[in-house]
Amino acid sequence: MSVIKKLMMTAAGGAELLAIEDVFSTYLWTSAGSTSIPIVNGIDLANEGGMVWVKSRTNTEYHVVTDTERGKTKGIFPNLTNAQDTDATAYMGSFNEDGFNTGTGAPSGGTAGQNYASWTFRKAPRFFDVVTYTGNGVSGRAISHNLGSTPAVVIIKSTSSSQNWVVRHETQISDFGSGAYFVLNSNASGANDSTVFSTTSPTSTNFYVGNNITTNSNGVTYVAYLFANNNNNGGFGPTGDQDIIKCGGYTGNGTSSGPVINLGWEPQWILLKASQSSTDWNLFDSMRELTANGFRWLKANSSVAESSFLNWLKINSTGFQPIDDSAQVNASGIKYYYIAIRRGPMRQPTSGTEVFHPYATTNSTNGADGYDVNTGFVVDTQFVGVRDYTQGFRVFDRLRGVSTTNSSATTARLLPSSTAAQTNEAVSTREWDNTGYDVPELYSYGAASKMSFLSFRRAPGFFDVVAYNGNGVAGHTVSHNLGVEPEIIIVKDYNNTRNWIVGLQFGASTFNYGLLNSTQYIAASGYGSTTEFFAQPTSTSFSLGTSSETNNSIGKYVAYLFASVSGVSKIGSYTGNGSSQTIDCGFTSGARFVLIKRANTSGDWYVWDTARGIVTGNDPHLSLNTTAAEVTTNDTIDPASSGFIVNQVSATNVNVSSASYVYLAIA
């Protein structure tokens with residue numbers, strides 16, 4: 001058990017307070033062929049047990065599932081009826097305390113250079129369990145499990161004979177009858193047969209099978225995968241009162257505005273099947289682009305490679321919604337069934353390096369093709385600045401869509417110096433994965449450009465990203481998952497030409513706002529007015545006025561939310577003294593990122609970071625609101641262990657006597 005987990009033991013019973021990052025992971029990698037690759041995803045399979053599901057994204061290759069109950073050499077195939085296969089090298093190299101090692105042959109090792117995805121499920125009460133058993137042919141047989149709650153979904157496969165994968169989804173029972181089931185390896189509609197799953201409902205200790213050969217033929221061996229449904233009883237997260245998995249259903253309406261599925265949180269993984277025939281088991285995840293505007297898609301019942309980007313379904317901060325009338329997600333009157341898993345992490349960061357990474361390129365480090373940068377975390381948002389050309393910053397985020405493959409992908413780009421709507425930036429080598437990103441081939445102005453990459457991870461208390469549609473109504477409330485009251489909210493209508501609005505210094509009766517794309521001073525506005533924001537934000541939502549900049553009825557918006565975490569980030573203000581002063585952020589090793597804006601009059605949104613240099617001496621800076629090249633000729637800030645030092649120089653004027661300033665600093 002890790003030190004963090006030991007610290008998370010409850011005082012009362014010593015039970016481990018698990019979070020989603022402890023029990024589930026989507027992990028992407030590029031195969032090295034016959035060389036095993038360590039997949040470090042933080043999931044303890046060696047001690048706790050679980051299941052790993054692998055699929056090639058770029059090849060027509062069958063799915064493969066291994067689990068700790070059957071062992072690393074045993075593979076079964078969700079899109080095939082085949083019995084399990086035994087191979088000492090192909091399926092799994094090892095189950096580890098922090099993930100697994102891939103096999104050295106197809107389909108886990110696979111073809112060198114091909115892209116793969118894996119989904120790891122750890123055994124844990126009220127989340128997931130794996131059970132193996134030998135059939136006895138007795139109808140109504142009870143099989144014990146350790147899920148600790150009533151399973152909402154049970155998936156069974158015969159391991160010793162060639163049979164269908166059968167699925168019992170609790171929500172399906174009311175539609176098809178007590179013997180309802182699906183076939184995972186088929187696009188067939190649901191059926192009702194009490195010999196497959198018994199008509200006896202599962203309990204918190206047992207599930208029941210009939211005497212069908214798919215679930216309980218005498219002498220045949222089986223594996224069962226059990227999924228829980230949390231309904232305000234999950235018991236996860238730092239406070240032990242949060243849910244992480246939902247298994248439910250909805251009825252399609254056949255329009256471009258489908259039913260809104262409220263999970264209570266943003267999903268990172270969805271498995272979805274329609275009740276009707278000729279619809280696939282659609283598998284989505286946020287690592288491969290499950291976004292506010294669409295998704296990439298694999299089919300659990302098919303060996304085909306990953307689809308191109310499709311705009312049939314979108315996610316939001318509390319769930320998901322079909323946005324197309326496709327039969328796969330939203331045919332009129334058709335019932336759909338899903339398993340959805342919560343996005344993480346669920347714990348607040350304890351170090352700035354967990355959530356922020358600066359990187360700068362010089363002419364000598366650039367090349368014609370991309371190369372890997374290891375941030376040590378999944379990047380959710382990135383500000384990319386051009387240092388030596390008048391190009392300014394670009395903003396990318398996973399929620400609006402970024403390339404996760406290196407094959408002719410486009411990435412949704414916003415420009416903080418401009419009012420322009422987002423555009424697609426065709427960058428063939430841009431790729432975001434579990435440990436960082438590729439530096440892309442550097443745009444149309446040449447591979448010799450110097451660049452600044454500022455990467456952020458979403459995490460409770462620190463940073464969140466929300467996408468929403470405006471409605472033009474004062475008081476429109478938008479949910480978020482920051483977990484605390486945001487101190488800075490940056491909003492942009494990414495579908496229309498509008499200003500970037502920055503809400504900050506929220507108070508009991510007033511708040512301040514500015515324009516990120518402008519030098520304009522920070523203005524004050526009272527709550528209740530029909531302007532940018534309407535009410536004091538809370539730990540779960542923020543409210544909007546009727547301004548077209550934040551809440552137009554035709555607008556599609558993205559919001560970036562920041563807050564202060566002790567020792568990690570600090571949002572604050574100070575008054576200039578005309579010379580030099582230390583801004584104490586409560587850090588111990590200084591700030592690695594500093595954003596400063598003069599509040600009482602015009603001034604740039606200046607950015608410094610340690611990758612380009614926060615030193616005693618001249619410090620390179622860029623401005624979010626301009627396309628100006630990097631300035632390297634003044635000593636505006638200096639390092640300080642508690643935060644940073646501001647010096648008054650005429651080039652930036654960040655410490656003018658009696659002037660007011662706002663800042664964001666990250667350790």
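In what order do the 5 strands of the open sheet run? The order is 43-50-45-46-47, and the pairing is antiparallel. Before I go on: this is a predicted model.

Strand 47 pairs with strand 46, which covers residues 605-609. That pairing is antiparallel and runs over 2 bridges. For one bridge I can name the residues: Val 607 has Leu 622 as its partner, and Leu 622 is in strand 47.

You will find Lys 335 in strand 25, residues 335-342. Is Lys 335 buried or exposed? Its relative accessibility is 18%, so Lys 335 counts as buried, the cut-off being under 20%.

What surrounds it? Leaving aside neighbours within four places in sequence, Lys 335 is in contact with several residues, among them Thr 171, Tyr 250, Thr 251, Lys 273, Ala 274 and Ser 275. Gly 249 is also in contact with Lys 335. Those two are 86 residues apart in sequence, while their C-alpha atoms are 6.8 Å apart in space. Asp 175 is another contact. Here the side chains of Lys 335 and Asp 175 make a polar contact, at 3.0 Å.

Last, the cysteines. A disulfide is a covalent bond between the sulfur atoms of two cysteines. How many disulfides does the structure hold? The count is 0. Two cysteines can still be placed: Cys 247 is buried, at 8% relative accessible area, and Cys 585 is buried, at 7% relative accessibility.

Terms used: Residues are numbered from 1 along each chain as its sequence is written. This is a predicted model: local features need pLDDT of at least 70, side-chain atom pairs count only at pLDDT 80 or more; totals for chains, interfaces and linings use all residues. Side-chain values use heavy atoms; hydrogens and water are left out. Helices (H or I, at least four residues) and strands (E, at least two) are DSSP runs, numbered from the N terminus. Buried means under 20% relative accessible area, exposed over 50%, partly exposed in between (1.4 Å probe, protein chains only). Contact means heavy atoms within 4.5 Å. A polar contact is a pair of N or O atoms within 3.5 Å; within protein, one must be able to donate a hydrogen and the other to accept it, and residues adjacent in sequence count only if both atoms are side-chain atoms. Two strands pair if DSSP finds at least two bridges between them. A disulfide is a pair of cysteine sulfur atoms within 2.5 Å.
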